[in-house]
Amino acid sequence: MAASSGKSTLYPHVVTRENGTKTVNGENDNEARVDLLSAQEQLVQDVSSTAVLTPLDEDELQPPAPDDRGNWSGRFDFLMSLLGYSVGLGNVWRFPYLAYKNGGGAFLFPFILMFVLLGFPLMFLELSFGQYAALGPAAIFDRICPLLNGIGHAMVAVSCMVAFYYTVIIGWAFLYMFKSFTSELPWQRCDKEWATDRCYSHIDAQECTVTNGSLYYKHRCYNETEVHFYNISELAHNKSNRAPPAEDYFERGILGMSEGIEDIGSLRWQIVLCLLLTWFLTFLALSRGVKSVGKVVYFTALFPYVVLTILFFRGVTLDGAKDGIIYYLTPKFDKLIEAQTWVAAAVQIFFALSPAWGGLITLSSYNKFNNNCFKDSLIVGVGNICTSIYAGFVIFSIVGYLAKELDMPVDKVVAQGPGLAFIVFPDVVTRLPIPPLWSFLFFFMLITLGMGSEFALLETVMTAVQDTYPPLRQKKVFVVLGVSILGFLGGLVVCTEGGMYVLQLMDTYSASWAVFIMAILECFILAWIYGADRFLENIELMIGRRSRPFHLFFTFFWKFLTPATLIFLLLFNWVDYNRMEYDGKIYPMWAELIGWFMACIPMIIIVAMGAWRFYRSRKETSFREKLRRMIHPTPKWGPAGNIPKNDIIPEHPKIVTNPGFSTSSGNETRI
C-alpha cells in the first residue's frame, strides 16, 4: 500500500505495513511518535482557539499578571490590619462628640441601626469582593464592569487626599510626644512667646492665691494692695474670658495660626520635621510588603486599647467623672426625631469602617482564597462599635473632671476633632499627677491609632500602582519610596501657618458625598448588574455553603435597603449644605470652590475613565451591544488561585473519546 505523499497536521494518516511496522504520513514508527504528539498538541490548540468566538478587546488580550502580589502571613495579621484601619482617631474623639451633641445615650440606637443598614453589609461586600479576585480597587472594577472601572481609581484618589492631611495630624502627635520629655510640660504655664491675654494657668493661679488677698490676672499675680488699687477683683473672677494655656500653645505655639486661609503664611519647621519622621516610619513599615505590615499592626492595633484601659481606670477615679459619664449616657429622645441625628450616626459608621475608600478591598485582596471574610466582618464591625462606646466612657470621665475643675457645664468643655485631642486633653494632663507621663501615653496612643489607619490608606495607593503596572511588584521598595516622597510634599501645605484651615477644608470635602455615590455604584454593580445571587455563589466558593436566610438578608440589603439609605444621606447632605467656617471665620468663595472641586475629583475620574474606555472599545458593534458588553464582566474576571473542591466541581477528570486519534488501540483525551 502506497504511503500518502503529504502530511496532515490535524488528522495524521496511519499505515500498518506487512512487516508489522507503522508509518504516519509516510514516516517510520520512531519519527511518527513525535508527529503524533505534535498533531495532538496542535488539535488542542485549534480547539482552544475556536472555543471563544467573540473577539476580545485589546486590554483583554494582555497576559495575566504573575501571582506574586504576596499574602498575609496568617489570618490574625489580616485581622489586626483591618482592626487598625477601621479603629482610628474617629472612634476615640469623633464618636463621643457626636454622642453628646445628638442625644447622648439615645444616639446609640441610630448608631447601631446604621451599622446594620450600612456598615456591616458594605464591609462584608468589599471584603469578599477583594478576597475573591485578589485585586486592589484600581484593577478589580476594570474586570467586573469596564464602563465603571474609574470607581477603583476614584477610591485611590480619596485615600491619597486623606493621607495628605492625616499624616500631618500624626506629625502633631509626634511633636507633642517629644515635648512631653520634660519635667514640666511647656503648656502648663502661659509663656509670653505665645500666650494671649485670655491665657489662664491654674498652676500660676494656685501659687498666687497662697498669699491671702492676692489674685492672678493676665499672667501676673497681684497682691492685695494692687487688687484694690486697680479694682480687678471682679475681672479676675470672670471665667468667661479665660482660655487654658494648652489652647494658646496649640494655636500659636505649635501651629502659629494665621487669620484665615487667605494668609497661608510660612512653613512651621518643627511640624515639617515630624511629618518627615511620620513618612519615614511609614516607608519602613510598608517597604517589605503586607508581611511586614502584618507584624507592625499587632502593636499599632492593640496598644491603644492598653492606653484606653489605663486612662479609663484613672478617669473614673477623678473627682467629677461621674457627672461626665451621666451626661454621656443620659438619653435625649427628642433628638431622635431630627434627621440630622440619623445622618450623623450614618456618617460616623461610614467614617469608622471606611467602605468605598478602597482600603477594605485592598487589605482583603491579600487574603487566602478560603479565608472566612464573613466572620472577619462581624469581629471587626462589632469591635469597632464597642471601641467607640468604650472610648466615650474614657473621654467623658475626663471631661467631667475638667468641667468641675473649671466650674463649667460639660457641654461647654468638649470640642470637636483637633480641639479635643490637642487642647482639652493636654490641659487635663497638667492637672494629673506626673503630667509628662500621662501626656506621653496619650500622644503615643494617638500615634499608634493614626499609623494603623495610615498604613491601610497608603497600602491602597501602592496596591493600585502595582496592580495597574504589574512589573512594579518586583520593585516594591521604590514604589513605597515614590509614594512617600509625593505624600510628604503634598502634606507640606498643611504644615504652614494657615495649614489648619486647609486641613479642615480637606477633611470636610475630600471624603464627603462622593464616597456615598461610590458605595451606591458598588451595590448597583454587584447586586444588580452582576447579580446578588451570583455574587453570593462566588462567596460560597470561599467560605462554604450558607443558609437561605443568609442569602435573603444580603440580597435584600445590597439591592434595596443599603442603597436607599445612602441615597437619603446623599440628598440630605446636599440640601443641608452650609458655607464652611472654622474658629468663627467663614471661608471665602474661592476656598469653597476648591473644596467642591476636591469633592468632585472622584466623580470626574469615574466619568472620564468610563468615557475613554467606551471610546476605545470595539467600533463594529452597535451602541446598545457595546454598552451591554461594557457593563458586564470581562473574560479576565474570576476567582484568584485554585478553587477549593466542593460538590459542584467534579473530583475526577472526564474522559472523552476523540475520533481524530482513533487507532487500533484507541486514544482518549483527559480533560
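Colleague: Happy to look through this one with you! How many helices and strands are there in the protein?

Modeller: Glad to. Bear in mind that this is a predicted model. The protein has 26 helices and 8 strands.

Colleague: What share of the 671 residues is buried?

Modeller: A residue counts as buried when its relative accessible area is under 20%. Of the 671 residues in the protein, the buried ones make up 53%.

Colleague: And for contacts between residues at least 6 apart in sequence, what percentage join residues at least 24 apart?

Modeller: Contact here means heavy atoms within 4.5 Å. Taking the contacts between residues at least 6 apart in sequence, the part that joins residues at least 24 apart is 78%.

Colleague: Which handedness does the crossing of H4 and H24 have?

Modeller: The axes of these two helices cross at roughly 115°. As H4 passes H24, the crossing is left-handed.

Colleague: Which classes of residue make the contact of H4 with H24?

Modeller: On the H4 side, the contact residues include Phe120, Pro121 and Phe124, and on the H24 side they include Phe554, Trp558 and Leu561. Thr562 and Thr565 of H24 also take part. By class, the contact has no charged residues, 2 polar and 16 nonpolar.

Colleague: Now for H21 and H25. How is H21 oriented to H25?

Modeller: Helix H21 (residues 499-509) and helix H25 (residues 589-616) have axes 8 Å apart and pack at an angle of about 40°. Angles under 35 degrees would count as roughly parallel, and those of 65 to 115 as roughly perpendicular. So H21 is, relative to H25, oblique.

Colleague: Which residues of H21 make the contact with H25?

Modeller: H21 passes H25 in a right-handed crossing. From H25, the partners are Ala591, Glu592, Ile594, Gly595, Trp596, Met598 and Ala599. From H21, they are Leu505, Met506 and Tyr509.

Colleague: How many charged residues does the contact of H21 with H25 have?

Modeller: Glu592 of H25 is one of the residues in this contact, and Glu belongs to the charged class. By class, the contact has 8 nonpolar residues and 1 polar, and the charged count is 1.

Colleague: Staying with H21, is Leu503 buried or exposed?

Modeller: Leu503 has its place in helix H21. Not counting residues up to four places away in sequence, Leu503 touches Tyr165, Ile169, Trp172 and Val494. With a relative accessible area of 3%, Leu503 is buried.

Colleague: How far apart in space are Val162 and Leu503, C-alpha to C-alpha?

Modeller: Val162 sits in helix H6 (residues 150-179) and, at 1% relative accessibility, counts as buried. Its contacts beyond four places in sequence are Trp357, Leu457, Ser510 and Ala511. Val162 and Leu503 are 341 residues apart in sequence, while in space, C-alpha to C-alpha, the separation is 9.6 Å.

Colleague: On to the cysteines. How many disulfides are there?

Modeller: Cys190 and Cys199 form a disulfide with sulfur atoms 2.0 Å apart. Cys208 and Cys221 form a disulfide too, with their sulfur atoms 2.0 Å apart. The count of disulfides is 2.

Terms used:
Residues numbered from 1 in each chain as written. Predicted model: local features only at pLDDT ≥ 70, side-chain atom pairs only at ≥ 80, totals over all residues. Heavy atoms only, no water. Axes fitted to C-alpha atoms, helices over the stretch in contact; angles between N-to-C directions. Helix = DSSP H or I, 4+ residues; strand = E, 2+ residues; numbered from the N terminus. Left-handed = near helix turned anticlockwise from the far one by under 90°. Disulfide = S-S within 2.5 Å. Buried < 20%, exposed > 50% of the residue type's maximum accessible area, 1.4 Å probe, protein only. Parallel < 35°, antiparallel > 145°, perpendicular 65-115°, else oblique.
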